[in-house]
Amino acid sequence: MTAQVETTLRGPDAYSMARRAIEAMEKAGVWPTPLNFELWVRYLGDPDSALGREIERMIAASEPFTEATAEMLAAEYLMRGRLTDEICDAGRVLDRELSSVSAAVAQAHRSQAAYGRTLAGAAGSLDSADDADALKTIVSDLSEATRKAQQENQALEVKLEASTREVARLSQHLEQVRLDAMTDALTNLANRKAFDEHLDDACEKALQKGEALSLAVLDIDHFKRFNDTWGHQTGDQVIRYVASVLSRAAQTPRIAARYGGEEFAMIFPRESLPEVEKSLETIRKEIASRALRRRSTNDDLGAVTVSIGFAHRRGGEPAASLLGRADAALYASKRSGRNKVTCADWLDDAA
C-alpha cells in the first residue's frame, strides 16, 4: 500500500477507514473477502491512484465485481507494490552485504600496508643485525606478520564467498518474484502485463526478421451465466479448465495469457495463417468436447464453449493495431453465433 494508507491503518483513523471500506463495498454489492477488502481500502485511501481510477470506472459502468475481477486487479495493481517491497528488501540486504565486503577489503588493505611496513622495517634491521639473537627476533617478527596477513586474507576469502552466495540467493529470489509478478494467480498463465510485454517483443522480432506473427483472442461464451447460476467458484473452475487447454496448446514459442476476466490471448510467432487457424479450431473443439461438472456438488455444468478471433500481422503493423483487429474478429464470432473461429482477414475480404 502507499505510505499514506499504511500510516492511516496504523493509527486511530484505521477503524474509520475500515468502516468506510465495508460500507462502500456493501453499497457496490461487493463481498467483503480479504482480497476485496484490501483492494477497496487501497482505493478509498488513494482514489486518484491507477487502482482507484479503475474501480471508479467499474462502478460508473456498473460492471460486476467478481472474484475473477478482484484477482485481475490484484495481479495488475497490488503485485507491483509487493514487487517494489521485495526489491527494496533485497536492496537493503545487498547494501548490507556490500558494506560488509567493503569493510573487509579496507581491513585487508590496512593489514597489507602494515605487513609492508613490517617488511621494510625488517629489511633495515637486517642491515644492522650483528648477532644471532637479533636475527631470530627479526625472523620471528616476520613470521608473526606473515601469519596475520594470511589470516586476514583467509577471512576476506570467506567473507567474499559468503557474500557471493547471498547475492546469488537474492538473484534467484528476485527472479522468482519477477515471474510471480508476470503470472496470473488463478490460471498460471501469463498475466496481462506479461502479455503486453510479450506482444510488443514479438512484433519487434517479426519486424526485424520479416517473420510471420498471429494473435488470437478467446472469450468464454455466456460466462456470466456460469457465475450467476453456480457462483464465482464454479466460474473460476471454468476459467481454469479453459486455461489448461490453452496451456497445453501453447508450446514454445507460442504464448498463452489470461487477458482479463474470462478473456484469453495467444501469440503465434512464425506460423502461417492456415496453421494458426487449424490450431485454434483444435483448441475450440477440445474445449467444447468435455461436459464439466461442478466440483462441490457434481452438478452437470454442460459444455463450455469459446469464441475466437485472430489476426495475421501485416508488415510494420504495431501491436495495438494487431490486437484491435483480433478483437474485432472475436466480436464477429460472438455476433455470428459464438463457438467459432473468425479471422480478421476474412472480415477485410468481406468488407
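The side chain of Glu271 forms a polar contact with that of Arg254, at 2.7 Å. A polar contact is a pair of N or O atoms within 3.5 Å; within protein, one atom must be able to donate a hydrogen and the other to accept it, and residues adjacent in sequence count only if both atoms are side-chain atoms. The model is a predicted one, in which local features need pLDDT of at least 70 and side-chain atom pairs count only at pLDDT 80 or more, while totals for chains, interfaces and linings use all residues. Residues are numbered from 1 along each chain as its sequence is written, and side-chain values use heavy atoms, with hydrogens and water left out.

Glu271 sits in the loop between strand E3 (263–269) and helix H10 (273–288); helices (H or I, at least four residues) and strands (E, at least two) are DSSP runs, numbered from the N terminus. Glu271 counts as buried because its relative accessible area is 12%, where buried means under 20% relative accessible area, exposed over 50% and partly exposed in between (1.4 Å probe, protein chains only). With neighbours within four places in sequence left aside, the residues in contact with Glu271 are Ala212, Ser214, Arg254, Val276, Ser279 and His312; contact means heavy atoms within 4.5 Å. The loop between E3 and H10 also holds Arg270, which has a positive phi of about 60° although it is not a glycine.

The protein chain contains 12 helices and seven strands. Of its 351 residues, 38% are buried. The accessible surface comes to about 19500 Å², of which carbon and sulfur atoms hold 52%; areas come from the Shrake-Rupley method with a 1.4 Å probe, and for residues only the protein chains shown count as cover. Among contacts in the protein chain with a separation of 6 or more, 64% join residues 24 or more positions apart. The mean pLDDT of the protein chain is 81, and 81% of the residues score at least 70; pLDDT is the predictor's confidence in each residue, from 0 to 100.

In soluble globular proteins, nonpolar side chains tend to be buried together. Apart from residues up to four places away in sequence, Met266 touches Ser214, Leu215, Ala216, Leu218, Leu246, Ala249, Ala250, Arg254, Ile255, Ala256 and Ile283.

Thr252 and Pro253 are joined by a cis peptide bond with omega of about 15°, and Pro253 lies in the loop between H9 and strand E2 (255–260). Asn188, in the loop between helix H6 (132–181) and helix H7 (192–209), has a phi near 65°, a positive value in a residue other than glycine. Asn188 counts as exposed because its relative accessibility is 62%.

Helix H11 (residues 319–335) has 17 residues and reaches 24 Å from first C-alpha to last, close to the expected 24 Å; the expected span is 1.5 Å times one less than the number of residues. Buried residues of H11 include Leu322, Leu323, Arg325 and Lys334. Just after H11, Gly337 takes a positive phi of about 125°.

Ser289 is located in the loop between H10 and strand E4 (291–293) and is exposed, with a relative accessible area of 60%. A polar atom of the Ser289 side chain lies 2.7 Å from the backbone oxygen of Glu286. Ser289 and Ala303, 14 residues apart in sequence, are 7.1 Å apart in space from C-alpha to C-alpha. Gln107, in helix H5 (residues 67–128), is partly exposed at 30% relative accessibility.
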